Amino acid sequence: MRRDNIYSITPSFTRPTRVKWYSRDNRNLSRIHSNKTNMEIIKEKKKDLGKETVRRLSGVSTEFNKSFTLRLFKNEEKYDQMIAQVGIEVMALCEHHLLPFQCTVNIAYIPSGWIMGLSKFARIVELYLNPTINTVQERATQQIMNQLKKLKPKGAMVVIKGTHSCIGYRGIRKPSVTITSAVYGVFKENNNGARQEFLQLIK
Ligand SMILES: [Zn+2]
């Protein structure tokens, strides 16, 4: 019974959090809207859950699903090489089994007109991969890429290595690493070394 209740509440967490992208001159570039906040969803399910559980769930949800502002900066240095952040560790929740999977996320982009702060790599990752959102690794990989595309980069690449407990500790019971990637722009071109350079970095 309790398991059913928990199952029914978690899919609701898939609603995306609100994010606002602003350029330096405060032009609003785009937004992701959620129809309901996580708090609203929890209130709806409240009668099925214990009081303390509601309180704790609210706390965890708020901790991970905060709205935030991404400010884009003009690439005044005219930096035209790869900006990569590798080894971003996050815990996520598989939507098929509601079991956790551990992810190492690696991101790179080659800027053109815009760059973003270094902390924003992890912010974007945590938007789609955190323990309160049930998802699949493939979708999260593309969602992260879609956010990077808003920088209008020359190219971008996302590689996620995931260790899924649903195949490691139940079912087939074979601990292993699942690798997904999203590739855009110059990273797709065969004669461009960007893709090889990035793959070398995350070996
Ligand atoms: Zn699974």
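The crossing of helices α4 and α5 is right-handed, where a crossing counts as right-handed if the near helix is turned clockwise from the far one by less than a right angle, and left-handed if anticlockwise. Helices (DSSP runs of H or I, at least four residues) and strands (runs of E, at least two) are numbered from the N terminus. This is a predicted model, in which local features need pLDDT of at least 70 and side-chain atom pairs count only at pLDDT 80 or more, while totals for chains, interfaces and linings use all residues. Residues are numbered from 1 along each chain as its sequence is written.

The axes of α4 and α5 (residues 137-148) come within 9 Å and cross at roughly 140 degrees. Such axes are lines fitted to C-alpha atoms, for helices over the stretch in contact, and the angles run from 0 to 180 degrees between N-to-C directions. The two helices α4 and α5 are therefore oblique to each other; angles under 35 degrees count as roughly parallel, over 145 as roughly antiparallel, 65 to 115 as roughly perpendicular, and the rest as oblique. On the α4 side, Ile124, Val125 and Tyr128 meet Ala140, Gln143, Ile144 and Gln147 of α5. Five of the residues in this contact of α4 with α5 are nonpolar, two are polar and none is charged. In this classification Ala, Val, Leu, Ile, Met, Phe, Trp, Tyr, Cys and Pro count as nonpolar, Asp, Glu, Lys and Arg as charged, and the others, Gly among them, as polar. Two residues are in contact if their C-beta atoms, placed from the backbone, lie within 7 Å.

Comprising residues 119-128, α4 lies across β4 (83-94), β5 (100-110) and β7, and runs at about 20 degrees to β4. These strands belong to an open sheet of five strands with mixed pairing, in the order β7-β4-β5-β8-β9. Its edge strands, each pairing on one side only, are β7 (134-135) and β9 (178-185). Two strands pair if DSSP finds at least two bridges between them.

Strands β4 and β7 run parallel and are joined by two bridges, with Leu93 standing opposite Asn134 in β7. The pairing of β4 with β5 is antiparallel and extends over nine bridges; here Val90 has Cys103 in β5 as its bridge partner. Next, 10 bridges join β5 to β8 in an antiparallel arrangement, and the partner of Ile110 in β8 is Gly155. Finally, β8 (residues 155-164) and β9 run antiparallel and are joined by eight bridges. Within that pairing, Met157 is partnered by Val183 of β9, and Gly162 by Thr178 of β9. In a regular strand the side chains alternate between the two faces of the sheet.

Strand β8 is mostly covered, as eight of its 10 residues are buried. A residue is buried if 20 or more other C-beta atoms lie within 10 Å of its own, exposed if 12 or fewer, and partly exposed in between, with C-beta atoms placed from the backbone. In the protein, 25% of the 203 residues count as buried.

Most residues other than glycine have a negative phi. Leu98, in the loop between β4 and β5, has a positive phi near 55 degrees. The hairpin of β4 and β5 that contains Leu98 has five residues between the strands. Leu98 is partly exposed, because 14 other C-beta atoms lie within 10 Å. Lys152, in the loop between α5 and β8, likewise takes a positive phi, near 50 degrees. With 15 other C-beta atoms within 10 Å, Lys152 is therefore partly exposed.

Glu63 is exposed, because 11 other C-beta atoms lie within 10 Å. Glu63 and Thr132 are 69 residues apart in sequence, and their C-alpha atoms are 9.6 Å apart in space.

The protein as a whole has seven helices and nine strands. Of its contacts between residues at least 6 apart in sequence, 68% join residues at least 24 apart.
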